[in-house]
Amino acid sequence: MADLSVGSHEMKGTEEENDNPIEQVRLTVSTSDDPSVPVLTFRTWVLGLLSCSILAFLNQFFAFRENALFVSPVTAQIVTLPLGKLMAASLPVKTYRFPLTNWEFSLNPGPFTIKEHVLITIFASNGANSAYALGIITIVLAFYHRSLNAFAAFLLVQTTMLLGYGWAGLLRKFLVDSPYMWWPENLLQVSVFRTLHEEEKRPKGGCTRLQFFLVVFVSSFAYYIVPGYLFPSIQAISISCLIWPKSILAQQLGSGLHGLGIGSFSLDWNVASSFLGNPLVFPPSAIISTLVGFCLFAYIINPTVYFSNIYQAKKFPFISSRNFDSNGQRYNLSRVLNEKTFSLDIDGYNSYSKLYLSAFFAFSYGLSFATLTATISHVLLFHGKTIWTLSTKKVTVWDVHTRTMKKNYKVVPAWWFLAILVIAFGISVLACEGFSGQLQLPWWGLILACVMAFIFTLPIGIIQATTALGMGLNVITEFVIGFLYPGRPLANVTFKTYGYISMTQALYFLRDFKLGHYMKIPPKSMFFAQLVGTVVSCSVQFAVTWWLLKTTDHICDVSKLPRGSPWTCPGDAVFFSASIIWGVIGPKRMFTKDGIYPELNWFFLIGALAPVPIYLLSRKFPEKKWITLINMPLIFGATASMPPARSLNYLTWGAVGLFFNVYIYGKYKKWWAKHAYVLGAALDAGLAFLAILLYFLLQSKTEGPGWWGLDIDDHCPLVGCPTAPGVVVDGCPVF
């Protein structure tokens, strides 16, 4: 493993580092390039826009349903390969010239190329990523039942997704050109593209990478019918719940879905790869840091707080993301919201209850505070010198991939990115301040959201580019605007969206740019594919959302929907609750002396100081390279995905990741280099294709055979029961 912490971007002259300092990159990415290969062709535009539009339509359409279906870009990646080859075999090869210009093109410039395939997949990935701002439109129309100008809503969706591109382009030198920013998740994609396109001689007694991919793909496809349809209960098997079906404590400790997962296991690949990502792409240091953080929080902090009854924790479930009142019941938001003024009903709030959280969820907010300050502190200490050098000096010594890109292709001019930033920001001001201020967010709030997003893009990008684990700004943005502009739920979610998603989009852009960097795609072609793909996907997703909200009776209103109706909008219901909690009740009534959790603000300071002793130890003992791999932002942010991620997801993900990336990587490196990423991609692809097939052929009509194993549950019915005396909850014993 290369030492990522030193941050030096100068190659030191050895043969390995003259290629790339990261061994996984050297084992996976080809150093060759042919600049004459066609890239942004007619085939690319047709298949790219088609896959982008179809994925955008399908994913947004099914996002409103109770059992949402996600069609991943890997499906388009595989389907478009035979389509591209079919077009190459059938389209006319005639060249067309535009009059009075030197520009010409052909519908069929030759064989379907790997570079065309990469750009088509970039288009598809844009379609697969849902625009976060669509949640605002849904809660306004379907939950708050208020009017919203369609053009303002359209501008909101487009600008939130485009703003981040502006400053992402300014950070390319740090997060794309640098060989130490290697974006591990891209290596899986690189392996798949090379497997599908490069010719390989079959070794005696073995198989090629393509043959291996097909065998694993078919096996994954065939097997997933068991956990996906016939026997879903094997997704989570919790031994202690089966042995002690009437013990709350045993189920709290043993439930893999709602408890600590001790003794639980899964026979479903989706459990390992969902939420946290494919475990085969993560470097060992990132896996270990995440597991350390998970164990500290889940196995030490949370049980200590719960069993000590801090914050009246025993009144609430052991692990839950729901909101509660002082009696341990679900918080009744209707009692504190004034429907006429669309603000907090102070009298109703004072006569009802403060907002309570489970101990787990409360401390997850504290850890999110610590994660952000630890990220800034960690990056300044370990990478600050490099950032300063790259900002103030012209660096000319890079790895082979950057040298090749700079030699063979023209860079995207910086003014292109600045133009997007200026135009998107101007339209954002119009969307927020115009149209009678329907979104409630003033111009200064928009500026603050953009400033926060820009400040965090580089430090969070460095963490993600070196570990494959990212973090969001959703909590801190809700926190900040909730203090500065309380009592305005739409202002809160709009500020959160501009701050959170613009940074996330910037990192998506940079990650994909690094993929193009590895695959030697001309930067300008990447730019156009990403920009057009974003605009098209947002337009399709907006049209689908507006159409469903305007034509489906009682959509998202569970109390009025016919029995069995799928249009329950589970994700948007959570978004709506967050708008009430942070926008109406606000952080002042949660994290100050007026609320229950003022002590959690200390996590801001704890996070900022935590990387300091690690840095000092690394300077005192430079020969101990393992010290620099201790990543406090990952440790603090380990459980940021919980919930909806469960303990079992972490345990399975960690076990698979350590087995392949520590044991197999160390003992069978040649096999790992050839097959590991291909294995991970094939498992994902087989699962994705069968999940789509199951949904359309079977699960859209029936839920499968009716028996005990059909439950997508680990049969721990008491794990969510409170243990405080006198709290009454349906299905739970009263102490």
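The structure is a predicted model, in which local features need pLDDT of at least 70 and side-chain atom pairs count only at pLDDT 80 or more, while totals for chains, interfaces and linings use all residues. Residues are numbered from 1 along each chain as its sequence is written, and side-chain values use heavy atoms, with hydrogens and water left out.

**Confidence**

- The protein has a mean pLDDT (the predictor's confidence in each residue, from 0 to 100) of 89, and 96% of its residues reach 70 or more.
- Confidence is lowest in helix 1 (residues 15–19), with a mean of 60, and highest in helix 25 (residues 602–609), at 96.
- Helices (H or I, at least four residues) and strands (E, at least two) are DSSP runs, numbered from the N terminus.
- For residues 1–15 the pLDDT is below 50, and this stretch has 44 contacts in the model beyond near neighbours in sequence; a contact means heavy atoms within 4.5 Å.
- Where pLDDT is low, the predicted coordinates should not be read in detail.

**Aromatic pairs**

- Rings of Phe, Tyr and Trp (its six-membered ring) pair if their centres lie within 6.5 Å; planes under 30 degrees apart count as stacked, over 60 as edge-to-face and the rest as tilted.
- This rule gives 56 aromatic pairs.
- One of the pairs is Phe417 with Phe509, which is edge-to-face, at 5.6 Å centre to centre and with 85° between the planes.
- Phe417 lies in helix 19 (residues 414–433) and Phe509 in helix 22 (residues 489–519), so their pair ties together parts 92 residues apart in sequence.
- Trp672 is buried at 1% relative accessible area, and Tyr677 is buried at 3%.
- Ring pairs join Tyr165, Trp415, Trp416, Phe417, Phe509, Phe513, Phe527 and Phe528 into a cluster.

**Charges over rings**

- A charge sits over a ring if NZ of Lys or CZ of Arg is within 6 Å of the ring centre and within 35 degrees of the ring normal.
- Arg65 lies over the face of Trp567, at 5.2 Å from the ring centre.
- Arg589 lies over the face of Tyr349, at 5.9 Å from the ring centre.

**Helix 5**

- Of its 15 residues, 14 are buried, so helix 5 is largely enclosed by the rest of the structure.

**Thr160**

- Thr160 is in helix 7 (residues 150–168) and is buried, with a relative accessible area of 0%.
- Leaving out residues up to four places away in sequence, Thr160 touches Ala133, Thr497, Tyr498, Ile501, Ser502 and Gln505.

**Arg322**

- Arg322 sits in the loop between helix 15 (284–307) and strand 5 (323–324) and is partly exposed at 45% relative accessibility.
- Apart from neighbours within four places in sequence, Arg322 is in contact with Arg330, Tyr356 and Leu357.
- The C-alpha atoms of Arg322 and Gln77 are separated by 38 Å, and the two residues are 245 residues apart along the chain.

Definitions and conventions
Buried means under 20% relative accessible area, exposed over 50%, partly exposed in between (1.4 Å probe, protein chains only).
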